[in-house]
Amino acid sequence: MKLFGFIALACLCLTQMVATEKLINCYWGTWANYRPGDGKFEPSNINPHLCTHISYTFFGIREDGEFQSLDTWLDMDDGLGFISKTIALKQQNPKLKVLAVVGGWNEGSIKYSAMAADPAKRAKFVSSSLAFIQEHGFDGLDLDWEYPAQRGGADADRENFVTLLKEIKETYDKYGLELGIAVGASEASAILSYDIPAISQHLTFINVMTYDFHMALDGYLGLNAPLPEVQQSIDYWLSAGAPPEKLILGIGFYGHSYQMSDSSQNWPGASCIGPGSAGAYTRENGFLGYHEICQNNWATVFDEETSSPYAFQGDQWIGYDNPASIELKMQLVESRNLGGAMMWSIETDDFRGLCGESYPLLKTMNRAMGKEVNDEGSNGNGNDGGNDNGNDGGNGNGNDGGNDNGNDGGNGNGNGGGSNDDCTSDGTFLHSSDCRFYYQCVGGIRYDFDCGEQLHFDPSTNICNWPSEANCPY
């Protein structure tokens, strides 16, 4: 009898441990396959042990509500077969879930508003999405409607969205499929789009897009995801009735870049002319992936007030997240007892390890959750061998790991963490013997940074600067 009781208790504890495992939802912009050189990203670049979920983006809908592929050549087996190759990652990690993501910014809101308002179109969407998911082996759906009752949508979207989610869930539950959504983070947006208690009833989880708080359209230099604004958004969702275990904290693996009006005024809030120059891989003005940022030889500052880094050189400026700021954001997952964290998006991490260890941002998230980190299942280059740089014979633009500003050395950014050496207190500190290096201590964890070959760390200002202007004692 005592043995039976012990076994029952052990099983209960194990069930609770499994039930409370935190999610790490890895959004993947599959169009990164078309990026040049080291920016090219394929299913074989994914380390399936670093994610609990892979969210495959994006699918769309037709005018009648039918679910559809937006790039059949990329997705299907008669082309590149990315869907089947992604599903096959579950052979390496049987616990991995792969979700089909429908919507996104470019899909807009109008078609989704019309679909949610029409019972026949809703039924078409539910049945066609289910058929697609079952045919290809997905584990569920992520509905990324940006945004109900906005961008050409109708006031009734807020109520119709609840109805749509209810009908999806009733069907998907029969097959054990998951249902998530991605939502605008701020209170101002959420009030317009979501009946939070009602939608929460029908969802496995809610991905809160706690980034894109500032960009060049604002007219001033701004940080992508300042911690106070991230916390304010999460706290709003909680206060509005979202169950904490269903909320998934969003983290950006990229930054918004700016062209400064005056390069001597290089702090958050200073005026800007417009978006910054495009990166070598992402090739979009006003946007740089972390794998581009970490190769820049720019002066770097960690803003203590917002717990966010920014960097600048010439008239270019960027606000982003690095391992140290992500470590601080991950503390929200624990302090608010959230269901986990997600990132947008996995292919803009330094997945090849060009600046140090591979996947430094994603591994920071895993370590913060106490998860084991390893490199099993990914060779970092999308090939069946070769070297760590994964260069498939050149990238067509002569970029050897530099950037559009012509820099080819240093990174000014962190290469991950894990050590607790010399971290008796939090803060930013100069390396013990080399002016080029410094480190940050966050929660007792040390994150090492490299200013680059031509710069020194200035401990009086906590930025990388020219050696003649840095007050380095060595």
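**Entry 1: confidence**

Where pLDDT is low, the predicted coordinates should not be read in detail.

I then noted the ground rules. This is a predicted model, in which local features need pLDDT of at least 70 and side-chain atom pairs count only at pLDDT 80 or more, while totals for chains, interfaces and linings use all residues. Residues are numbered from 1 along each chain as its sequence is written, and side-chain values use heavy atoms, with hydrogens and water left out.

Next I looked up the average: the protein chain comes to a pLDDT of 87, and 84% of the residues score at least 70. Residues 1-19 have a pLDDT below 50, and beyond near neighbours in sequence I see zero contacts for them in the model.

**Entry 2: the whole chain**

I list twelve helices and 20 strands for the protein chain. Both are DSSP runs numbered from the N terminus: helices are H or I with at least four residues, strands are E with at least two.

How much of the chain is buried? I get 57% of the 474 residues. Buried means under 20% relative accessible area, exposed over 50%, and partly exposed in between, with a 1.4 Å probe and protein chains only.

The protein chain exposes about 19200 Å², and carbon and sulfur atoms supply 50% of that. Accessible areas come from the Shrake-Rupley method with a 1.4 Å probe, and for residues only the protein chains shown count as cover.

I also checked sequence separation: among contacts between residues at least 6 apart in sequence, 71% join residues at least 24 apart.

**Entry 3: disulfides**

How many disulfides does a search of the whole structure find? It finds three, taking a disulfide as a pair of cysteine sulfur atoms within 2.5 Å.

Cys 26 and Cys 51 are joined with S to S at 2.1 Å. The torsion about their S-S bond is about -95°, so I wrote this disulfide down as left-handed. Cys 26 sits in strand β1 (residues 23-29) and Cys 51 in the loop between β1 and β2 (53-61), so the pair ties together parts 25 residues apart in sequence. Both Cys 26 and Cys 51 are buried.

Cys 294 and Cys 355 are also joined, with S to S at 2.1 Å. Here the torsion about the S-S bond is about 80°, so this disulfide is right-handed. The pair links distant parts of the chain, 61 residues apart: Cys 294 is in the loop between α10 (290-293) and β12 (299-303), and Cys 355 is in the loop between β15 (340-344) and α12 (360-368). Cys 294 is buried at a relative accessible area of 0%, and Cys 355 counts as buried at 9%.

For Cys 435 and Cys 472 I have S to S at 1.8 Å. With -90° about the S-S bond, their link is left-handed. Cys 435 lies in the loop between β16 (427-430) and β17 (437-442), and Cys 472 in the segment after β20 (463-465), so this pair ties together parts 37 residues apart in sequence. Cys 435 counts as buried at 6% relative accessibility, and Cys 472 is buried at 16%.

I looked up Cys 272 as well; this residue is buried, with a relative accessible area of 10%.

**Entry 4: Asn 93**

I found Asn 93 in the loop between α3 (82-87) and β4 (97-103). Why does Asn 93 count as buried? Because its relative accessibility is 12%. Not counting residues up to four places away in sequence, Asn 93 touches Pro 48, His 49 and Cys 51. Cys 51 is the partner of Cys 26 in a disulfide.

**Entry 5: two helices**

In helix α4 (residues 110-117) I marked Lys 111, Tyr 112, Ser 113, Met 115 and Ala 116 as the buried residues. Their cover includes β2, β4, α5 (119-136), β5 (140-144) and α6 (157-172).

Helix α11 (residues 323-335) has 13 residues and reaches 19 Å from its first C-alpha to its last, close to the 18 Å expected at 1.5 Å a residue. That expected span is 1.5 Å times one less than the number of residues. Ten of the 13 residues in α11 are buried, including Pro 323, Ile 326 and Val 333.

At the start of α11, a side-chain oxygen of Asn 322 comes to within 3.2 Å of the backbone nitrogen of Ala 324. Just after α11, I noted a positive phi of about 55° at Asn 337.

Terms used. A polar contact is a pair of N or O atoms within 3.5 Å; within protein, one must be able to donate a hydrogen and the other to accept it, and residues adjacent in sequence count only if both atoms are side-chain atoms. pLDDT is the predictor's confidence in each residue, from 0 to 100. Contact means heavy atoms within 4.5 Å.
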